[in-house]
Amino acid sequence: MSGTDQLSAVFSALADPTRRAILAELADRDATVTELTAPFQISMPAVSRHLKTLEQAGLISRTRSGKLRMSRLEAAPLHDAADWIERFRRFWDTSLTRLDAHLAAIQAAERTTHSKEH
Amino acid sequence: MDTETPQLVISRVFDAPRQLVYRAFTDPDHVAAWWGPIGDSLPRDEMEFDVRPGGYQRWTEVFPAQPDLRVHIHIDLTDVADGELLDGVIHVTGRLPGGFEPFETRFRVEFHDEPDGRTRLEIRQWLPAHLTGPSEQGWTEAFSKLDALLTSVEA
């Protein structure tokens, strides 16, 4: 993981639905700001601002090809974000499996104690 | 109560009565038996529990096979209903396994009766506020889209 600040920027960038939609567009292909403006009901400067936020979060890179400035999806930070959630899912899965075994063991012990009393 | 959608929701049924499952979360001897990955250890003399609204649960997690790791868990309990609910914030500090940085996370654990003396546990967890940003957007939606996106990226 590349640190909390990076992850913070990623989550903050992902929190906006338009930015997520832009990322979904870029998952298909690299695109210019003009191409990315077409599907959305917002202005080109607004799309540019979203692209800047995404770039600062490391979610996209922008390259110049002749006169065209192309945006490209960078998948690594997305994986970091998903990884954070996944680690917790695994943590709970392991702990709760141990809890299940623990509950079974103490109930079995209680039953044994109980039957000895009778 | 946090109105924002939790990022992590886990539901699991245990073949044990509700009061016993609740005790497994609120009695230090029980918690020491199941918390964390296999191979960790919770020194009993470093466990301090005061389970009530406004109370706390504190312990240290050590890993005999990795002596450089030492995790401090401090849980501030905001809301507690005996046998039914634990709600609060987990503060995790120290040297953590798996490359985790210290963090804090809001959680809510609900204990529900199921037929035949079983108990359903509902665990909800929210990512730290500084990670999620100021958005009111539902995270379930965000992550289902993210999942789809990751699939298409990997394809």
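User: How many bridges join strand 3 of chain B to strand 4 of chain B?
Analyst: This is a predicted model, where local features need pLDDT of at least 70, side-chain atom pairs count only at pLDDT 80 or more, and totals for chains, interfaces and linings use all residues. Residues are numbered from 1 along each chain as its sequence is written, while chains are lettered from A and ligands numbered from 1 in the order in which they are written. Strands (E, at least two residues) and helices (H or I, at least four) are DSSP runs numbered from the N terminus, and two strands pair if DSSP finds at least two bridges between them. Strand 3 covers residues 56–62 of chain B and runs antiparallel to strand 4 of chain B, and the bridges joining them number 7.

User: Which residue is the bridge partner of B:E61 in strand 4 of chain B?
Analyst: Strand 3 of chain B spans residues 56–62. Strand 4 of chain B spans residues 70–81. In strand 4, the partner of B:E61 is B:V71.

User: Is B:H72 buried, exposed or partly exposed?
Analyst: B:H72 lies in strand 4 of chain B. A residue is buried if 20 or more other C-beta atoms, placed from the backbone, lie within 10 Å of its own, exposed if 12 or fewer, and partly exposed in between. B:H72 has 16 C-beta neighbours inside 10 Å, so it counts as partly exposed.

User: How far apart in space are B:H72 and B:T60, C-alpha to C-alpha?
Analyst: Two residues are in contact if their C-beta atoms, placed from the backbone, lie within 7 Å. Leaving aside neighbours within four places in sequence, B:H72 is in contact with B:T60, B:T93 and B:G94. B:T60 is 12 residues from B:H72 in sequence, and their C-alpha atoms are 4.6 Å apart.

User: Which residue in the turn between strand 4 and strand 5 of chain B has a positive phi?
Analyst: Strand 5 covers residues 85–95 of chain B, and 11 bridges join it to strand 4 of chain B in an antiparallel pair. Across this pair, B:R70 stands opposite B:R95. The two strands form a hairpin with 3 residues between them, and the turn residue with a positive phi of about 75 degrees is B:G83.

User: What stands opposite B:F107 in strand 7 of chain B?
Analyst: Strand 6 (residues 103–114) of chain B runs antiparallel to strand 7 of chain B, with 9 bridges. They form a hairpin with 3 residues between them, where B:D116 has a positive phi of about 65 degrees. Opposite B:F107 stands B:Q125.

User: Which residue of strand 7 of chain B is the bridge partner of B:R12?
Analyst: Strand 1 (residues 8–14) and strand 7 (residues 118–126) of chain B run antiparallel and share 7 bridges. In strand 7, the partner of B:R12 is B:L121.

User: Why does B:V31 count as buried?
Analyst: B:V31 sits in helix 2 (residues 28–34) of chain B. Beyond four places in sequence, B:V31 touches B:F25 and B:L42. B:V31 is buried because the other C-beta atoms within 10 Å number 22.

User: Around what arc do the buried residues of helix 2 of chain A lie?
Analyst: In helix 2 of chain A, A:R19, A:R20, A:I22, A:L23 and A:L26 are buried. The arc is that of the directions from the helix axis to the C-beta atoms. These residues lie on the same side of helix 2 of chain A, because their arc is only 155 degrees.
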